[in-house]
There are 2 protein chains.
Amino acid sequence: MDKGQKEVTIYDIAEKLHISAATVSRGLTNHPRVSKSTRKSILKAAEEMGYRSNSIASNLRSKKSNVIGVIVPRLNSSFMSDLIAGVEKVVNNNNYSLFISQSLETMQKEVTNARAMLNNRVDGLLVSLAYDTTNIEHFEPFLKRNIPVIFVDRVFEHASCPQIFIDNTKAAYEITNHLIAEGCKNIIHLTASLLRNVYADRLSGYKKALEESGLQFRESNVIIGDLSSQAGIDAAAQILKMEKLPDAVFAANDICAVSCMIELQKHGIRIPEDIAFAGFNNDPTACVVQPNLTTVNYKGYEMGEVAAQLLINHLIDKSDLQQTHSLILRSELIIRESSLRSKKS
Amino acid sequence: MDKGQKEVTIYDIAEKLHISAATVSRGLTNHPRVSKSTRKSILKAAEEMGYRSNSIASNLRSKKSNVIGVIVPRLNSSFMSDLIAGVEKVVNNNNYSLFISQSLETMQKEVTNARAMLNNRVDGLLVSLAYDTTNIEHFEPFLKRNIPVIFVDRVFEHASCPQIFIDNTKAAYEITNHLIAEGCKNIIHLTASLLRNVYADRLSGYKKALEESGLQFRESNVIIGDLSSQAGIDAAAQILKMEKLPDAVFAANDICAVSCMIELQKHGIRIPEDIAFAGFNNDPTACVVQPNLTTVNYKGYEMGEVAAQLLINHLIDKSDLQQTHSLILRSELIIRESSLRSKKS
DNA sequence: TACTTTTAGGCAATCGATTACATTTTGAAT
DNA sequence: ATTCAAAATGTAATCGATTGCCTAAAAGTA
């Protein structure tokens, strides 16, 4: 089973027009050193003959692929798919293509994927790290080759890699303060691997808020899981077993917050009267669940756009990436009924 | 700003080991005609020298890229991101890579994206069509070259393109029948472009159920939009203006169903007492919204896995794709409170 | 020992486009 | 008609790996 008839190449066009392949190549790429009339005849012949530029050959020779690589923990999360959609839009509008892979939250796959990206000679890389990634040596080969690597959301400190994220500490600080202002004094925090800035920072914002309000931070109030829907259910079970019920739960994402909340409701807990709730991300479910979930609005789409644009600008005009080391995007606290206790009391 | 120091090639390895590049190439690809000892020394040298296989060069010569292309309407929908996650898993496990682009529901972008995929010489293509795609001439160049094209979910009838989807007619028939069994007689159907099988088939299942129950089908009961969250809100407004309120709404996806339902609730409509609701897809929100939404379970992840596996099997063992023309996956009706009126009456 | 087969490895063309450099053509100015 | 810069095109090397065909060496066989 072969690829059907032979492909039309620039040589075929050259032969037909009795000109050289070099001129054809120039004609097809709008090189200024080819006359208008020749270009026109080249384009016409290309069209007629069903010519399809072979990017692979072009990439090999020109040592650039016009491909951006993306490595994310998972593709099927509301946040990540938004992020990727934003990236795709920008990348596509700039005539680049997108190579995508997911690490499934393991460093091992992240390493494998990075290697595949390198072999495929992507021009740049956008990365959001897996839960258990402990170092980023697997990106060194890119940096050594001056291939830009940009971290998004789940970042890692490295002199030559720009980072794009939000101020997680501040956001968590604000949301915790809000809960405290609503009268909560015993706040559970659901989170995931503290290796990741997003979770470590949210935890520190939470701690800071407690501290400033003179509330004691208790290690046992931090439940570390994978922030999945199941993790929320498990956390609910754990909470129900506590000798003294907490008066608030702040989860590091909405998925987990919502499932935990619903599970607790099934056991007769009233939200927010018995336990106030807050999440993170402003997932679609946040304003569907009853009561609507207080959360941090933090949409991936723009983050994806910004990251992709930064990368592409660099690739196009070679602007110095080091200039922009960290890009901190805006996030906002969205207060909904799940945390509003003061009105009721 | 160049790519740093020169890349290590098989020639460098060959020179160092005083053997030919051909042998190095064979050694690296586990070709049987190279001795164990030479292979070992090649691998060792490659490792030491930091050799990275250049897939581009390899692709050019071997005329195969080990890349699968995917074109979907959007990346940031729960269903599509699940589907892509399934595809990615299978593709990745088989040492292929993934090229992804979104058509944003327009045929124009679909055409452009297809061309980019072709230029990049993908080995195969998975496609889910845009709303307004009227023909699939843009995939002919693939077929002419014997590059397999498989349609997923939003399919198109074509002799050489396998299709993977669910029985939308049957699912819609069942869900409509269920609503009728619950006593509904005036059922609104929210859907999108009838150019797409998924929506046309659901409509015909809806019609068939009405017909068989002796209920009259009314054109004015079908509201065509884009099934977005906003479309649900718009539909709610339209419904509220009707001289006689419907007693059920069956939306062709959950996003739209949920937003429509919530909007109606805001206007004092009780679900399911006043209006029963049903959606399609079993999105995460379906079991978060109150009351939980009756829907069709129809997860994209497995569909993605199946599609990718079919494609890859074909690429690997050249099994005849024509063998499997249509693959109809299982779907199931999930009845939840949003449509349960009989108990209450 | 002589001959055949197997195994390991080398040679060189090839994939298709790009591009530095060389050459020819054009056209304007003298 | 001559000159010369500018414009247009051609030549040929190059990117890095693969592979059909060939040869040499090793192993097996009689």
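How many aromatic pairs does a search of the whole structure find over all chains? In this predicted model, the search returns 15 such pairs when every chain is included. One of these pairs joins F139(B) and F151(B), whose ring centres are 5.9 Å apart and whose planes meet at 75°, so the arrangement is classed as edge-to-face, the cut-off for that class being over 60 degrees. Because F139(B) belongs to the loop between β3 (124–127) and α7 (140–144) of chain B, while F151(B) belongs to strand β4 (residues 149–152) of chain B, the pair ties together parts that are twelve residues apart in sequence. With a relative accessibility of 1%, F139(B) counts as buried, and F151(B), for which the relative accessible area is 0%, is buried as well.

In chain A, ring pairs connect F79(A), F250(A), F280(A) and Y298(A) into a cluster. Aromatic rings also take part in arrangements with lysine side chains. K207(A) is placed over the face of F217(A), 4.8 Å from the ring centre, and in chain B the charged end of K208(B) lies over the ring of Y173(B), at 4.2 Å from its centre.

The surroundings of DNA strand D comprise 27 residues, of which T23(A), R26(A), I10(B), Y51(B) and R61(B) are the closest. By class, this surface contains ten nonpolar, ten polar and seven charged residues. When the atoms of DNA strand D within 4 Å of the protein are considered, 55% of them belong to sugar or phosphate, and the rest belong to bases.

As regards annotation, an unreviewed UniProt entry places the feature "domain: HTH lacI-type" at residues 8–62 of chain A. In the model, this span of chain A is 69% helix and 0% strand, and its end C-alpha atoms lie 20 Å apart.

Note on methods. Residues numbered from 1 in each chain as written. Chains lettered and ligands numbered in written order. Predicted model: local features only at pLDDT ≥ 70, side-chain atom pairs only at ≥ 80, totals over all residues. Heavy atoms only, no water. Phe/Tyr/Trp six-rings, centres within 6.5 Å; stacked < 30°, edge-to-face > 60°. Helix = DSSP H or I, 4+ residues; strand = E, 2+ residues; numbered from the N terminus. Buried < 20%, exposed > 50% of the residue type's maximum accessible area, 1.4 Å probe, protein only. Lys NZ or Arg CZ within 6 Å of the ring centre and 35° of its normal. Near = heavy atom within 4 Å. Nonpolar A, V, L, I, M, F, W, Y, C, P; charged D, E, K, R; others polar. UniProt positions renumbered as here; feature names shortened; annotations may be inferred.
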